[in-house]
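Colleague: I would like to go through a few local features of this model. Please give the cut-offs as you use them.

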Amino acid sequence: MASSTALVWFRNDLRLHDHEPLYRAWRSGLAIAAVYCYDPRQFGHTAQGFPKTGAWRANFLRQGVQNLAENLQKIGNKLLITTGLPEQIIPQIAERVNAKTVYYHREVTQEELDVERSLIKELATLSIQVEGYWGSTLYHPEDLPFSIQDLPDLFTNFRKSLEKKKISIRPCFSTPSPLPPSPDAQLTLTPPPSEFFPAATMDSRSVLAFQGGETAGLARLQSYFWDGDRLKNYKETRNGMVGADYSSKFSPWLALGCLSPRFIYQEVKRYEQERISNDSTYWLIFELMWRDFFRFVAQKYGNRLFDRGGLLNKKLPWQQDQVRFEIWRSGQTGYPLIDANMQELNLTGFMSNRGRQNVASFLCKNLGIDWRWGAEWFESCLIDYDVCSNWGNWNYTAGIGNDARDFRYFNIPKQSQQYDPQGDYLRHWLPELNNLPGEKIHQPWLLSATEQKQWGVQLGVDYPRPCVDFHQSVEARRKIEQMGVIT
């Protein structure tokens, strides 16, 4: 009989650094079979018919998997890439390579948990052991000062509790090197079909030429922290919208596990020792804590995260308006800040955090459209799609999630003037408004006929008129929500 092996199943953890399953497999002393399985269900469609993994996200994923294969090869191993249902494919491969144990990272939401449970059940019939580890957050859930079921529902309380008790961050696992070679087994691997990866040429106006994979993620960290010395100003610049370095842009690599949040934390601490420790260095850790919070919230509430009524089970009358949703989705609302951000999303797969808050608020609080439609469109498009952060943030914005205080919305014209005072971002994505001066570009619907002629922008022809009156629509939605809540 062939020698026993250790099988490492890669999922949303496409890295070698700080990878406990890989580290444990390496320490077992057995040959290692590293496997990535493209799940065709992830390339199906959402409830509204959007591609579940759209072109931008699919190609970023493919780059990440390919980079993982390259990095494994450099340390003596080979990534086995195949396609199929992991709960069926992984046991088949495990049996063929005579795996003693399957190592993997655990997830928290339903689709992923269903796969895990089915996989564990199938492996048990083959007498193959399973070891699942936690590796997606900064804080380990076993170190929290409360159980997941007792998780505070307000982020501020969550953060203060961790900081008050001085909960420490576990150290990173070292990167194994070299790895023992892959087992010599005759395997039939099914490469992913080309239709999983539609052609996608990123617009040259993108804030960054995003490249998937651990190598690119580590290079981005090196560039942002050390070469550009940007971390010291992070808090002051993070709400920007134009350019590569107003924020870290780590989120795409975090989403696929190409970067470990603990490694980022470790580098922040090194930066504080070697460069400067200030509000900005703290704030990047603060943002990682938000990411943790949403993942723990998803673990606590389960599928309520995806329900129409959200975490609060709040019965609000959402509209199913396909026409207005398409206006929002295509960036034709007549509100430049909304339209520019949606154009950026559609043409690059990315949008700033400030932009996401504004477009989500507009969909929910001005158009009153079912928030889940927006969450699904983000799921399809965003290269940094993270199921917990995406759906948690949409719950929050829709007023049915954490910290749902009264009726909150973003004042879009005011936000536009505050965060893009000269209109640079708007012109970047809406060239039809190029000629408008800064004081006019934020509210083009106020242009007189003479001004429209003067600056070459004819409303309703060159640029759409507003699809709703901003303040009237907000007040109407406020009244609807106040009257429509069923207790």
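Modeller: A polar contact is a pair of N or O atoms within 3.5 Å; within protein, one must be able to donate a hydrogen and the other to accept it, and residues adjacent in sequence count only if both atoms are side-chain atoms. Helices (H or I, at least four residues) and strands (E, at least two) are DSSP runs, numbered from the N terminus. This is a predicted model, in which local features need pLDDT of at least 70, side-chain atom pairs count only at pLDDT 80 or more, and totals for chains, interfaces and linings use all residues. Residues are numbered from 1 along each chain as its sequence is written, and side-chain values use heavy atoms, with hydrogens and water left out.

Colleague: Which residue caps the N-terminal end of α9?

Modeller: The backbone nitrogen of Arg262 lies 3.1 Å from a side-chain oxygen. That oxygen belongs to the capping residue, Ser260.

Colleague: How far apart are the end C-alpha atoms of helix α9?

Modeller: The expected span of a helix is 1.5 Å times one less than its number of residues. Helix α9 (residues 261-274) has 14 residues, so it should span 20 Å. The distance in the model agrees: 20 Å.

Colleague: Which elements do the buried residues of α9 pack against?

Modeller: Buried means under 20% relative accessible area (1.4 Å probe, protein chains only). The buried residues of α9 include Phe263, Ile264, Val268 and Tyr271. With contact meaning heavy atoms within 4.5 Å, they pack against α6 (214-227), α8 and α10.

Colleague: Which side chain does a polar contact of 3.0 Å join to that of Asp386?

Modeller: Asp386 lies in the loop between α14 (371-381) and α15 and is buried, with a relative accessible area of 8%. A polar atom of its side chain lies 3.0 Å from the backbone nitrogen of Cys388. Leaving aside neighbours within four places in sequence, Asp386 is in contact with Arg291 and Arg295. The side chain joined to that of Asp386 by the polar contact is that of Arg295.

Colleague: Is Tyr139 buried or exposed?

Modeller: Tyr139 lies in the loop between β5 (129-133) and α5 (155-164). Beyond neighbours within four places in sequence, its contacts include Leu144, Leu162, Met289 and Phe296. The relative accessible area of Tyr139 is 7%, so the residue is buried.

Key
Buried < 20%, exposed > 50% of the residue type's maximum accessible area, 1.4 Å probe, protein only.
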